[in-house]
Amino acid sequence: MKRTNKGFYLYFIFILILAPMSLFAQSIKNNYTYLVREENGDLNHDGKMDKITVKMDTVDESRPLRLQIFLSKPNGKLMVAVSSDKIIEPQYPAENHGKFNGYQIPNFFIEKGILKVWSEIKGGNITYHFRYNNSHFELIYVDKLTYDGTKGYIDENTVFTETKFDLNTGIRTESCEKSGSVKALKVRKKRVLIRPLPKIQDFKFSDKNLY
């Protein structure tokens, strides 16, 4: 009888501890309430409309953002296929000590079944192309444009560098040209094979430095 009472007591204590943890986890999850971006389109080529949303946590002072991708089921309802809090940099990162990160929130587009993510980077921008394959969104192409302007404006001496990286073939092409010029100053091409292809749920905003 004593053993039974002791077991019940321990179980009761465990439930009391678990309940607040569960409520805490739910409150954290539900703080992503402010809708920043929404895009609709067919991502898995089934003829049905899928949806992308980006929501902000307005309680956390760093203002983190959550990307979610919803795919349509045969009954027409939407199902969460991807949920990521790390693909977009918080607006006020903790390491910035309350200062704005300096970049606008990325834009998301659906074009011919391809999910494109356009982001600002230092001195330019980068666009990632993700394709749905085998129940995953895989990175298949990266297009990056930067310039060497240090004066705060663009003039005839500004050099632009465009990088095109086809992850399917592994061919990475980098071309440089001056503003207004029709001929590239230099073109560099090399093969960088990445296998397996990066998946969007594993992607981090800091990965922009890899491409």
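Start by selecting arginine 37: its bridge partner is valine 54, which lies in β2. This is a predicted model, in which local features need pLDDT of at least 70, side-chain atom pairs count only at pLDDT 80 or more, and totals for chains, interfaces and linings use all residues. Residues are numbered from 1 along each chain as its sequence is written, and side-chain values use heavy atoms, with hydrogens and water left out.

Next, select residues 50–57, the strand β2. Eight bridges join β2 to β1, and the two run antiparallel. (Strands here are DSSP runs of E, at least two residues, numbered from the N terminus; two strands pair if DSSP finds at least two bridges between them.)

Now widen the view to the open sheet, where four strands follow the order β1-β2-β3-β4 with antiparallel pairing.

Then select residues 8–28, where pLDDT stays under 50 (the predictor's confidence in each residue, from 0 to 100). The model has zero contacts beyond four places in sequence for this stretch, a contact being heavy atoms within 4.5 Å.

Finally, show the whole protein: its mean pLDDT is 86, and 83% of its residues reach 70 or more.
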